[in-house]
Amino acid sequence: MRAALLMFGSAMAFGLMAVAIRLATDYVPTQEVAFFRNGFGLLALLPMLLRPGHAPLRTQQLPRYFLRSVIGLASMLCAFWAIGHLPLSQAISLSYSTPLFVTIAAVLWLGEKVRIRRWAAVITGFIGVLVIVRPGAHSFELGSLVAVLAAVLSALVAIQIKQLTRVDGPDTVVLYTYVFWVPLSLIPALFVWVWPNGIAWLWLVATGVMGTLGQLLWTRALKLGEVSALTPISFTQLPLVVTMGWLLFGETLDRWTVIGALIILGANAYIAHREAVLARRRESLQNARAGDTPA
């Protein structure tokens, strides 16, 4: 129950972050929103990460952190642009295609073996993406491909995080990501800089605080519970975003977005379930081998 509540809180925080990003882009460019999201996010993290007796500063993977941060920043800029320019429901629905690309990246990058059932789920998920994007249709928006690109880059980041956490703890990964993100995101922001004023500061602070809160709740939820059980809870972000898009921006929900989102979410839930099953099998096999080892 605690893990479920943490995952639900994470979904709400990420949903509110998306709304804050959309509101902030009415006042400042996307590049600047990304910089302030990272800056305020780092400020929100420092008191926790650098408290006495808990300073995750030691690492020997700085070049990897730099590469992870560059790719992550590119993904963030694409995702923020999509949130600012596409209907919120469409932008968030397409972001859920990230696990599909993670499966492909794990095969190509990490050499993982994926069986026919998970490939079938990936293909089904991509059908959902096509239903939302609808290339060739009259309503097709080129900007939707930016949201898909954000998902592709986010998948590469997920693989890199998996590699980094084999050596460093999760707090170390989070800390160095933000340490690199802040100066890196300042560079593109300087070319389009507009000083925020008035309520814009509220939305910019909210992007950093909600984003950081969502990350912290998400990592702690996964530490307590199984991915297969928690993944469907994370999808509650979508109804929140759809409702806020209707209330704040007068957006209507497109039926193709609903159908495509349901297909993608179903594929993701199955992939998470299969990964959990395989992880339990590996753990059981390792325990069996350990039990057979002579003392």
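Reader: Is Glu-251 buried or exposed?
Author: This is a predicted model. In it Glu-251 is buried, because its relative accessible area is 14% and the cut-off for buried is under 20%.

Reader: What does the side chain of Glu-251 meet in a salt bridge?
Author: Arg-22, with 2.8 Å from N to O. Side chains of opposite charge can pair when their charged atoms come close.

Reader: And Arg-22, buried or exposed?
Author: Arg-22 is buried, at 13% relative accessible area.

Reader: How many salt bridges does the count come to?
Author: The count is 1.

Reader: Switching to H11. What is its reach from first C-alpha to last?
Author: 17 Å for 13 residues, close to the 18 Å expected at 1.5 Å a residue.

Reader: Which residues of H11 are buried?
Author: Gln-237, Leu-238, Leu-240, Val-241 and Gly-245. They cover an arc of only 155 degrees around the axis, so they lie on the same side of H11.

Reader: Which residues are exposed on the other side?
Author: Trp-246 and Leu-247 are exposed there.

Reader: What about the backbone just after H11, at Gly-250?
Author: Gly-250 takes a positive phi there, about 65 degrees.

Definitions and conventions. Residues numbered from 1 in each chain as written. Predicted model: local features only at pLDDT ≥ 70, side-chain atom pairs only at ≥ 80, totals over all residues. Heavy atoms only, no water. Salt bridge = Lys/Arg side-chain N within 4 Å of Asp/Glu carboxyl O. Buried < 20%, exposed > 50% of the residue type's maximum accessible area, 1.4 Å probe, protein only. Helix = DSSP H or I, 4+ residues; strand = E, 2+ residues; numbered from the N terminus. Expected span 1.5 Å × (residues − 1). Arc of directions from axis to C-beta.
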